[in-house]
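Please open the model in your viewer and keep the selection tool at hand.

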Amino acid sequence: MLYIDGQRFGAHHILSAVGVDLEGRKHILGIEAGATENAASVKRLLTHLRDHGLATDRTYLFVIDGAKALRAGIDEVFGAAQHVQRCRNHKLRNVLDELPEEQQGQTLNLMRAAWKVATAEEARSVWTISAFLERDHESAARSLREAWRRCSPCSD
């Protein structure tokens with residue numbers, strides 16, 4: 001499993017790749033400085049990983065935020081058959097940022113409950129509750145629908 005994300009440090013943007021082995025140990029695989037998570041910096045990071053021994057003929061699970069440049073770079077350097085999952089922490093933050101504070105707790109609990117169930121059918125019943133967002137918070141509801149299409153156990 002590989003986690004790829006960017007962080008801002010003042011005026012600098014650092015893109016990092018962290019691998020997790022079968023025993024759950026984390027390994028820093030690479031970092032790349034750039035102005036943003038743009039296609040050029042993503043491609044440099046992924047090319048660096050490939051050139052330093054990360055095989056492109058294996059299938060990995062890449063966990064990323066919603067940046068289109070990340071997905072495009074993975075497809076270009078490692079192939080479109082790679083598994084990609086949206087980071088749940090980023091999804092939670094994206095949805096909650098669209099809501100007033102008084103609705104954040106309920107929505108947070110809803111999303112966590114949906115991610116804990118064992119089957120897609122159980123998750124659907126939990127997500128049905130999210131309809132309360134449709135009327136007043138369309139952008140949050142849209143983000144939740146996107147999460148439903150990509151969440152486990154539904155898989156991406």
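**Stop 1: aromatic rings**

By the ring rule, the count comes to 3 aromatic pairs (rings of Phe, Tyr and Trp, the last by its six-membered ring, pair if their centres lie within 6.5 Å; planes under 30 degrees apart count as stacked, over 60 as edge-to-face and the rest as tilted). Select Tyr60 and Phe62: this pair is edge-to-face, with 6.0 Å centre to centre and 75 degrees between the planes. Helices (H or I, at least four residues) and strands (E, at least two) are DSSP runs, numbered from the N terminus.

Tyr60, Phe62 and Phe78 form one aromatic cluster. Are Tyr60 and Phe62 buried or exposed? Both are buried, a term for under 20% relative accessible area, with exposed meaning over 50% and partly exposed in between (1.4 Å probe, protein chains only). Phe62 has 0% relative accessibility, and Phe78 is buried at 5%.

The model is predicted: local features need pLDDT of at least 70, side-chain atom pairs count only at pLDDT 80 or more, and totals for chains, interfaces and linings use all residues. Residues are numbered from 1 along each chain as its sequence is written, and side-chain values use heavy atoms, with hydrogens and water left out.

**Stop 2: helix α1**

Select residues 39-51, which make up helix α1. Its buried residues are Ser41, Val42, Leu45, Leu46, Thr47 and Leu49. These pack against β1 (2-9), β2 (12-20), β3 (26-34) and α2 (68-78), where contact means heavy atoms within 4.5 Å. Just after α1, select Gly53, which takes a positive phi of about 110 degrees.

**Stop 3: salt bridges**

The whole structure holds 6 salt bridges (a side-chain nitrogen of Lys or Arg within 4 Å of a carboxyl oxygen of Asp or Glu). Select Arg44 and Glu32, whose closest N and O atoms are 2.7 Å apart. This pair links distant parts of the chain, with Arg44 in helix α1 and Glu32 in strand β3, 12 residues apart. Arg44 is partly exposed at 39%, whereas Glu32 counts as buried at 17%.

Finally, select Glu76 and Lys43, whose side chains meet in a salt bridge (2.7 Å, N to O). Glu76 lies in helix α2 and Lys43 in helix α1, so the pair ties together parts that are 33 residues apart in sequence.

Note on methods
Expected span 1.5 Å × (residues − 1).
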